[in-house]
2 protein chains.
Amino acid sequence: MRKNIKIFIADDHHIFRKGIRSILADDKTIEVIGEASNGDEAFEMLSRLKPDIALLDIDMPGLSGLDVARKLKQNNSQIKSIILTIHKDREYFDEAMELDIKAYVLKDSIANDLIDCIKKVNEGAYYISPAISGYLVEKRAGRKEPTQLDKLTSTEKQILKLIAQNKTSHQIADELFRSIRTIENHRNNICTKLGLKGPHALLIFAIENKDQIS
Amino acid sequence: MRKNIKIFIADDHHIFRKGIRSILADDKTIEVIGEASNGDEAFEMLSRLKPDIALLDIDMPGLSGLDVARKLKQNNSQIKSIILTIHKDREYFDEAMELDIKAYVLKDSIANDLIDCIKKVNEGAYYISPAISGYLVEKRAGRKEPTQLDKLTSTEKQILKLIAQNKTSHQIADELFRSIRTIENHRNNICTKLGLKGPHALLIFAIENKDQIS
DNA sequence: TTTTCTTTAGGTAGAACTACCTAGAAAATT
DNA sequence: AATTTTCTAGGTAGTTCTACCTAAAGAAAA
């Protein structure tokens, strides 16, 4: 027998969480393992409970659902994010797409196929509400995250390149005739600018984006 | 003025190393910074001397030239490997191609263009002896290393998977209900088995091969 | 049965990176 | 000219990983 799909619900309306739970209760393979009524609490609980999928509302006190998804992405979390929202606005959708979000579902169309959506997402697929999916077509062409690499100065990009070659700060310092403290300082600034956190987030970012570094 | 190209020669025949040196002596921009007569010594010296290019014979006592190239690759070394060999066999060539080797030169055709070959390789190009280059065309389709992942036990592979998700030893230990020392010990064993060395060699290997981990 | 391999876990040391600081000099902007 | 940004470099602390050890218990193989 297959393992249950573990779900976490984040929405500031109690009645809405109830509704979701009742929809999901029909399916024995889906298990709601927790819920939160604001973004900060949601992020904390997600980090701890590690569900398979997070159902996130955009409008919440504190961190928004998109903020939570962003933090999950920054932490290289394996949790798949589904956005549940009333917003049809293109802006929100575009932002969500930048965040590796697996599904974007309008609240007025969930009753029908939320379970289906969850199962597909759990298998690695994407799901976009029909009312929204038109945006997707135009998108994808101009793919290519307007990477935040432009935020970096040229020195920082140079160092990022060397990091991508798996060089240590010490090696980089030698190569550029700089103090290792200078290199470490640049690393820190890069991490701050890109919102990278944790032990090897910078190295991994550098490797994954090495082709984009100009 | 451009920096000299630093070369290292590994071959078990003294007379052959002499020959190479005399060919290379004609060019002032090429500098032979060391040589070795067996694979183990070669690898040790390469790690220490860090030349730009390593000329490796396949047939050597101990580690073969291909073994040396493999270990260099595993260490994410920046050293470019050129294989010099008498073997026209396809097997050897195929193996070499899996190892990011920059040039594969038959010994009976080196006198003419070894210098040229070295310079091209130094600029990032590839060079394959004409007698061999026919193999190349068919190749490239069935790409896919028969990775040495089989050397690992199932526990080790499990941990490697978690490492590929950029989890720290601490996180892995928590997840598997083991001591962090156990995890660290497994990491060490994996590194030893795969010949990985240096600060983040394991993390990078894990990420690059995450799809292959079964 | 003996030997080897695997898994577990601890000891010690050092290198590397992260996370925050401060601060001066140079360069670029306003 | 004044302000801001960038680059440089140091201080301190703590975490993570590497690199060596040893060692016991259990499983698998010889």
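View 1. The surface near DNA strand C is made of 6 nonpolar, 14 polar and 6 charged residues (Ala, Val, Leu, Ile, Met, Phe, Trp, Tyr, Cys and Pro count as nonpolar, Asp, Glu, Lys and Arg as charged, and the others, Gly among them, as polar). In total, 26 residues surround DNA strand C, and A:Ser169, B:Thr153, B:Thr155, B:Arg178 and B:Ser179 are the closest (near: C-beta atom, placed from the backbone, within 6 Å of the molecule or strand). Two or more residues each come from helix H8 (169–176), H9 and helix H10 (201–208) of chain A and from H7 and H9 of chain B. H9(A) gives the most, with 5 residues. Helices (H or I, at least four residues) and strands (E, at least two) are DSSP runs numbered from the N terminus.

Residues are numbered from 1 along each chain as its sequence is written, and chains are lettered from A and ligands numbered from 1 in the order in which they are written. In this predicted model, local features need pLDDT of at least 70 and side-chain atom pairs count only at pLDDT 80 or more, while totals for chains, interfaces and linings use all residues.

**View 2. Surface near DNA strand D.** Among the 26 residues around DNA strand D, those that come nearest are A:Thr153, A:Thr155, A:Arg178, A:Ser179 and B:Ser169. At least two residues each are supplied by helix H7 (154–164) and helix H9 (180–194) of chain A, and by helix H8 (169–176), helix H9 (180–194) and helix H10 (201–208) of chain B. H9(B) has the largest share, 5 residues. By class there are 6 nonpolar, 14 polar and 6 charged residues.

**View 3. Contact between chain A and chain B.** Each side of the contact is listed by chain: 10 residues from chain A and 10 residues from chain B (contact: C-beta atoms, placed from the backbone, within 7 Å). On the chain A side, 4 are nonpolar, 6 polar and none charged. The copies meet through the same surface, because 100% of the interface residues of chain A are also interface residues in chain B.

**View 4. Packing of H7(B) with H9(B).** The axes of helix H7 (residues 154–164) of chain B and H9(B) come within 10 Å and cross at roughly 100° (axes: lines fitted to C-alpha atoms, for helices over the stretch in contact; angles run from 0 to 180 degrees between N-to-C directions). B:Thr155, B:Glu156, B:Ile159 and B:Leu160 of H7(B) meet B:Ile183, B:His186, B:Asn189 and B:Ile190 of H9(B). The residues of this contact are 4 nonpolar, 3 polar and 1 charged.

Notes. Two residues are in contact if their C-beta atoms, placed from the backbone, lie within 7 Å.
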